[in-house]
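Dear colleague,

Please find below the structure that I am handing over to you. My notes on it follow directly after.

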Amino acid sequence: MSALPAPPSVPLDRRGRPLRDLRLSVIEACNFRCGYCMPADRVPEGYGFDQAGRLSFDEIETLVRGFVRLGTHKLRLTGGEPLLRKGLPALVARLARIPGIDDLAMTTNASLLARHAQALRDAGLQRLTISLDALDPALFRALSGGRGEIADVLAGIDAAERVGFGPIKFNCVVQRGVNDHEVERMAAHFRGSGHVLRFIEYMDVGTCNGWDRARVVPSRELRDRLHARWPLHALDANYRGEVAERHAFDDGAGEIGFISSVTAPFCGDCRRARVSADGSLYTCLFAGRGHDLRPALAEGEAAFSERLAALWMQRADRYSELRGSPRAPRRHVEMFLVGG
Ligand SMILES: C[S@@+](CC[C@H](N)C(=O)[O-])C[C@H]1O[C@@H](n2cnc3c(N)ncnc32)[C@H](O)[C@@H]1O
Ligand code: SF4
């Protein structure tokens with residue numbers, strides 16, 4: 001890892017959690033309308049495309065440098081759909097050069113990846129996570145709100161492999177009665193590929209997805225199902241605070257993961273901050289309000305990191321542990337604003 005600028009101090013939040021991981025949305029628009037995130041009947045077609053007020057690349061670079069001063073070393077770009085942000089490879093190249101960022105990743109629906117994979121790799125993007133909830137073409141199209149074609153995603157995956165991304169992580173959000181019958185097919189597809197498929201519990205993010213707990217498929221149920229077909233064994237976490245529980249196929253066909261934010265909350269070790277494309281800080285995926293970082297950004301990296309430290313030290317969020325209790329906040333930021 002490259003030499004870090006000396007952090008003034010590494011702030012801890014009110015539950016003793018450090019700030020290690022930044023999820024940065026580069027755009028609020030998306031070309032899909034997944035029902036659990038940005039349902040078409042709640043979010044207009046042109047949403048986010050003409051919004052002024054997105055952070056510029058200069059502001060983003062200052063922001064990331066300010067985060068690094070406080071101990072952040074993992075950065076993930078997200079959206080909306082990040083590949084819709086104009087000039088993204090140029091931004092990636094600037095961020096890849098920041099000393100202290102030792103993990104630079106992006107989450108994408110991959111529908112536009114075939115045409116961008118090479119430029120992103122050349123710019124220094126290290127890792128990709130691709131969201132993929134079904135392989136069946138008709139179901140895939142339906143889940144994307146009628147916008148996406150599985151063939152485009154598969155072409156994006158091919159391109160990513162060709163330019164040297166790998167292992168790639170695949171995120172599959174499972175909903176009972178919607179795509180839970182695709183689970184074995186997805187596992188069979190990725191077994192032996194060298195990539196890592198992770199099943200994610202459907203979450204009550206945002207305000208517009210009409211979340212219904214009955215549609216959550218607990219990870220334990222999926223793991224038992226898969227274990228019955230292909231025996232699995234548990235693996236240790238790669239690092240503290242890793243959200244996926246890792247498993248490996250006993251027959252050596254690789255790794256698979258489960259992210260259980262609903263049935264096994266991981267708030268206690270959450271070291272992640274989220275920033276929306278317009279520069280608001282959210283200290284939890286389920287936070288009701290953000291903090292506008294732009295005034296502090298305008299004062300430069302040092303002043304910004306002081307303001308950020310002050311905000312982080314006020315943080316006490318643990319929504320997933322409170323879910324269902326009267327103390328759990330009701331309003332949540334929309335998923336398409338903070339990007340997962
Ligand atoms: C909001 S998207 C942004 C990046 C990009 N558009 C994509 O889909 O990969 C990030 C991740 O959030 C996940 N997500 C969105 N809504 C969700 C929900 N209600 N429950 C669980 N995961 C969700 C998506 O499946 C995706 O993997
Ligand atoms: S999950 Fe990703 S692809 Fe789907 S609507 Fe949300 S931002 Fe778009």
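Helices α6 and α7 cross in the right-handed sense; please bear in mind throughout that the model is a predicted one. The two helices, α6 and α7 (residues 219-229), pack at an angle of about 55°, and their axes lie 11 Å apart. That angle makes α6 oblique to α7. On the α6 side, the contact is made by V183, E184 and A187, while α7 contributes L222, R225, L226 and R229. Sorted by class, the contact of α6 with α7 comprises four nonpolar and three charged residues, with no polar ones.

Within α6, which spans residues 183-190, one also finds R185. R185 has a relative accessible area of 42% and is therefore partly exposed, as the range for that class lies between 20% and 50%. If neighbours within four places in sequence are left aside, the residues in contact with R185 are L135 and D136. As a further point of reference, the C-alpha atom of R185 is 19 Å from that of A155, a residue 30 places away along the chain.

I turn now to the sheet. It is an open sheet of twelve strands with mixed pairing, and their order is β7-β8-β9-β6-β5-β4-β3-β2-β1-β10-β11-β12.

Strand β1 (residues 21-25) deserves a paragraph of its own. Five of its five residues are buried, so β1 is largely enclosed by the rest of the structure. The burial applies to both faces of β1: D21, R23 and S25 are buried on one side, and L22 and L24 are buried on the other.

How is β1 paired with β2? The two strands run in the parallel sense and are joined over five bridges.

R76 stands opposite A105 in β3.

Helices α1 (residues 57-69) and α9 (residues 301-313) pack at an angle of about 60°, with 8 Å between their axes. The two helices are therefore oblique to each other, and the crossing of α1 and α9 is right-handed. From α1, the residues making the contact are T62, L63, R65, G66, F67 and R69; from α9, they are E301, A302, F304, S305 and L308. By class, the contact of α1 with α9 holds five nonpolar, three polar and three charged residues.

With kind regards

Methods
Residues are numbered from 1 along each chain as its sequence is written. Chains are lettered from A and ligands numbered from 1 in the order in which they are written. This is a predicted model: local features need pLDDT of at least 70, side-chain atom pairs count only at pLDDT 80 or more; totals for chains, interfaces and linings use all residues. Side-chain values use heavy atoms; hydrogens and water are left out. Helices (H or I, at least four residues) and strands (E, at least two) are DSSP runs, numbered from the N terminus. Buried means under 20% relative accessible area, exposed over 50%, partly exposed in between (1.4 Å probe, protein chains only). Contact means heavy atoms within 4.5 Å. Axes are lines fitted to C-alpha atoms, for helices over the stretch in contact, and angles run from 0 to 180 degrees between N-to-C directions. Angles under 35 degrees count as roughly parallel, over 145 as roughly antiparallel, 65 to 115 as roughly perpendicular and the rest as oblique. A crossing is left-handed if the near helix is turned anticlockwise from the far one by less than a right angle, and right-handed if clockwise. Ala, Val, Leu, Ile, Met, Phe, Trp, Tyr, Cys and Pro count as nonpolar, Asp, Glu, Lys and Arg as charged, and the others, Gly among them, as polar. Two strands pair if DSSP finds at least two bridges between them.
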